[in-house]
Amino acid sequence: MPSRSSKLNKKDPSDFKMRFIVAGFIMFFAFTILGGRLWYLQVIKGDELRERSENNRIRSQEIRPLRGLIIDSRGMILVDNIASFDIAIIPSEAKDPAFVVSELKRLYEGRNLSYAGSPTLDLGRRRFLPLSLERDVAWEKLALVEASSAMLPGIVVDVVPVRNYTMGPVMAHVLGYVGEISPAELRHPQYRDHRPGAIIGKSGIERAVDHLLMGKSGGEQVEVNVAGQKLNVLAMVDAVPGSNVVTTLDGELQQVCWEAFDGDAGSIVVMNPRDGSILAMVSKPSFDPNLFNRGIKFRDWEAFSSDRMAPFKNRSVASLYPPASLFKLVVAAAALDQGLISAEDTIVCRGTFPFGDRTFRCWRREGHGALNLRQAIVQSCDVFFYTLGLQLGVDTIAEYARAFGLGSLTGIEIAGEKEGLVPTRGWKLQQLREPWQQGETVSVSIGQGFLGATPLQLVRVFASLSNGGMLYKPRILDRIESPQGDLIESFPAEPIGRLPLSAEHIKLLNSAMWGVVNEPRGTGRAAHRKERDVCGKTGTAQVVSMPDDDKSKESEIPYRFRDHALFACSVPCEDPRITVLVVVEHGGHGGSAAAPIAKKVVDWYMKNRPEDPAYAIFSDKGSMEKQP
Amino acid sequence: MKIDRRGLSNIDWVLPVLVLLICAIGITNLYSAGANLIGVGGGTAPWIKQVYWVGLGLVAMLACLAVDYRLIIRFGYILYGISVLLLLAVLIYGDMTHGSQRWLAVGGFSFQPSELVKLTLVIALIKYVDDRNVGTSFTIPALLIPFIILMIPAFMILKQPDLGTAFFLVLIFISIILFAGIERRSFIKLSIAGMSVLPGLWFIMKDYQKNRLVTFLNPERDPLGTGYHIIQSIIAVGSGGLLGKGYLKGTQSQLKFLPEQQTDFVFSVFAEEWGFLGVLILLILFFSLILWGFHVARRAREFSGVLLAYGMTMIIFWGVFINVGMVLGILPVVGIPLPFMSYGGSCMVVLMMAVGLIMNVSMRRFVLQS
């Protein structure tokens, strides 16, 4: 030990003297800072701060931002905000919150009112913030609570903005609704900035662009006197209102579609084929989103969610239907592009199509006789397309179906979209662990079998055929504006691909669709207008295969086994301005159930929405047609 | 290890007396801070538990006194290694509270290894300085190993995440290195480098940490969150005035406006009830404690003793300065407890050990003369 210590003692500790003087000085300086600050707070500002702590209480409250408006393309407000009143409790001000709440209930009982809040009281961690007890309360209760405030320490009336959906059920699915954030959503990284009790978009556009609509909460710290009156604002951060979302929708057209649709369930989607904008999107049955403003009552929710008709489902993007005869255009496109058939080649239809040990039938039992491709589309001959489909093979059909945008998400800004299904050999082997059967190709070639598509996907197929072959991402958001109306972001049309078809083939298909509506043998004559400017295609989707004999008596078939009626059309034929798709679930034949609905929509649109004169001047197509 | 009788007779009584005085004030204050808490019911009151912690701390203090501090320094790396392993255990098995993982539960007790590391880091650094040739100033290459010694626990504490304590370790490190001596040119280079690295810290901080920092710079930015606490703390302190509102009469604490009033914000309860004069006395006690620590360090007969007493004193100093600064709104809210006053066992025991080590140096200064 001694040797070690002598080694360590080589340096004279007196050398440290200077360091200790410096260190001591730093300590003195540090304590002087603390002392000085204390002098400032306690002696100089002491009286002021004491006054503040003794006479007044300080109350913190969140300032909720106004959620952005949703507006249609013509400036009509689809969603805005209105005021609603909550009865809330500030736990830190109520000495005994449970007691205060029981006092409140007792007060209600005296007036034969019932307490609508949750029976359990979860005060949470931030006890200095108001916690809602009852939402959206009536004047009767508000008056009672205000008058008895002395008996109810910590109980306050909170004014909160709630959503007002001006079109109610008519636009419920597209716009969606808002509600209180759920515990599961709170854990989701997307919502990490939210607090429990926050109101968020739960479906539709409200959910898809929640981050744009929601704005940012502010807060204020105010001094209140014993009576709860605001004396002084100590600190305040204004709420930042959410941005306004301008959609491509046309509210009036939506209303027209809603009224035109006379079935029980189904969908109408109207698209502008020139840029993929969605003009209207109806799904029936529907619900009133205003019910969700402040948390739906349990009984209402039960009634809705147990409804077999699924009123919450946005059928336009989340229901899959067999495209049925609408799909014949895809098969025709594939056959033309593959060089399998020319415009002149004919196939004979005798009404039946024997295949293996089965016999497939044409919808017209007596057969169509010899038909070329155009006639086959006009009369929607099944046998013709059985023949083409088998020659193409399911994988080639699938390739073209995908090029038309089927089987994948369109990417529209509406929550809950389904991607649909385009079957292939590989898919079946992988998913069902069974090899593909040739007979299944026969079903697929008339749009049945495993095929499933959303109305939105289907409307886009026809929009792209009618605009000359451009496939657009469906556009529902036009632009985002600040609350003052300044442009924040705009969303131009997004072309995502071209159909793999020559201009000549597209022309042939459009001509055939014109025939569907305007020629004597066409299946879509119900959509015929005297202007002869509609081109379209009917579809009748089998839900279950029925014995042939029963087919004729539609009304005797139980509702859930009836066929779905489909119709797609574009107007005016030479340079369409709108493409309409109608699906009537269990409506029967496309030509008789769906086409008349589409016609009503088209008639209204062509009458009330004249062509933008600028279009004819600036568009190539418009000016070309002006030439003699 | 036998205790030299000369050592025993030279026990430094000033330190324990000062510390126990502060502890007594702390317990009295905790009684007031806890008096109004409704709903905590059941279990032992915090102020009574704190009495136990002081008792346990005294035992730990004696234990640190019994062993020759040179022996403790000789095992410095091993002690350091053990505490780093404990930190690792926290990251793996630790309990989560308020979004961070700081506690290790051992048979009904739980403690914070990050408190212990404050001591063992100092001891390990002294061990390193001691093994080197004494007296030569640090150059940048020579700082590499001490830097690694610092970064291992600092990084692990950052992972918990506990930015405040990690930063605390850095402050202790800088205090020791500067005192041990650093070559002037290296010092300038490192200062410049440090200044430029600082902004990078922003990117490794968690959101709530950034929030606290931004809120500190502008408390009115977040009147509902951290800013609320700062504003309330300042009102509590200021409303104490010159003479205070009187014991058990602090209205800010009565109304429970104060956050964490038994741990990080005990000082504002004290300041509200005892006023500027009371606080002045408390700060003088702390200041005396620190100066006495320096006094002991200056009289030590060898370099390692000087550094040990100095290092332990600095642990106390930084605790006081950061905590009080935070409560008074001149430093960000980082969750550093006030030494001997805040409720909590780990902190109390570890600080008592630090005092024990200073006393250890003090009583062995004569023994070494032989």
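Predicted model: local features only at pLDDT ≥ 70, side-chain atom pairs only at ≥ 80, totals over all residues.
Helices here are DSSP runs of type H or I with at least four residues, and strands are E runs of at least two, numbered from the N terminus. Counted that way, chain A has 23 helices and 23 strands.

Some overall values for chain A. It has 628 residues, and 52% of them count as buried. Its accessible surface is about 28800 Å², with 52% of that belonging to carbon and sulfur atoms. If we take contacts between residues at least 6 apart in sequence, 70% join residues at least 24 apart.

The largest nonpolar core has 128 residues, and the members that touch the most others are A:Val270, A:Phe384, A:Phe385 and A:Val580. Which helix gives the most to this core? That is H21 of chain A, residues 590–608, with nine residues. The core also takes at least three residues from each of two domains of chain A: domain 1, 60–247, and domain 2, which is 251–286 plus 309–626. Apart from this core there is another, of 119 residues, and its members include B:Ile22, B:Ile72, B:Tyr80 and B:Phe294.

Let me stay with A:Phe384 for a moment. Setting aside neighbours within four places in sequence, A:Phe384 is in contact with A:Ile341, A:Ile347, A:Leu371, A:Asn372, A:Leu373 and A:Ala376.

Next, helix H16 of chain A, residues 394–403. Its buried residues are A:Val394, A:Thr396, A:Ile397, A:Ala398, A:Tyr400 and A:Ala401. What covers them? The cover includes four helices of chain A: H13 (328–337), H15, H17 (425–432) and H18 (438–444). After H16 comes A:Gly405, with a positive phi near 90°.

On to backbone geometry. Most residues other than glycine have a negative phi, and most peptide bonds are trans. Here are some exceptions in chain A.

A:Ser380 is not a glycine, yet its phi is positive, about 55°. It sits in the loop between helix H14 (373–378) and helix H15 (382–392). Is A:Ser380 buried or exposed? Its relative accessible area is 3%, under the 20% limit, so it is buried.

A:Ala310 is also a non-glycine residue with a positive phi, about 50°. Its place is the loop between H11 and helix H12 (315–318) of chain A. With a relative accessible area of 29%, A:Ala310 falls between the 20% and 50% limits and is therefore partly exposed.

Then the cis peptide bonds. One runs from A:Lys284 to A:Pro285, with omega near 0°. A:Pro285 is in the loop between strand S12 (277–284) and helix H11 (298–305) of chain A. Another cis bond joins A:Val571 and A:Pro572, and here omega is about -20°. A:Pro572 lies in the loop between strand S22 (564–571) and strand S23 (578–584).

A:Lys284 comes up again in the ring contacts: it lies over the face of A:Trp258, at 4.4 Å from the ring centre. In chain B, B:Lys127 lies over the face of B:Tyr77, at 5.7 Å from the ring centre.

That brings me to aromatic pairs. Over all chains there are 26 of them. Take B:Phe270 and B:Trp274: the ring centres are 6.0 Å apart and the planes are at 25°, which is under 30 degrees, so the pair counts as stacked. Both residues are in helix H13 of chain B, residues 266–299, and they are four residues apart, about one turn of the helix. How do the two compare in accessibility? B:Phe270 is at 5% relative accessibility and counts as buried, while B:Trp274 is at 36% and counts as partly exposed.

There is also an aromatic cluster with members from both chain A and chain B: A:Phe28, A:Phe31, B:Phe287, B:Phe317, B:Trp318 and B:Phe321.

A:Ser482 is buried, at 9% relative accessible area. Which residues does A:Ser482 contact, leaving aside neighbours within four places in sequence? They are A:Asn244 and A:Ile488.

That is what I have on this model.

How values were computed
Residues numbered from 1 in each chain as written. Chains lettered and ligands numbered in written order. Heavy atoms only, no water. Core = buried A, V, L, I, M, F, W, Y, C linked by side-chain atoms within 4.5 Å. Buried < 20%, exposed > 50% of the residue type's maximum accessible area, 1.4 Å probe, protein only. Domains from an automatic or database assignment. Contact = heavy atoms within 4.5 Å. Areas by Shrake-Rupley, 256 points an atom, 1.4 Å probe, with all protein chains shown as cover. Phe/Tyr/Trp six-rings, centres within 6.5 Å; stacked < 30°, edge-to-face > 60°. Lys NZ or Arg CZ within 6 Å of the ring centre and 35° of its normal.
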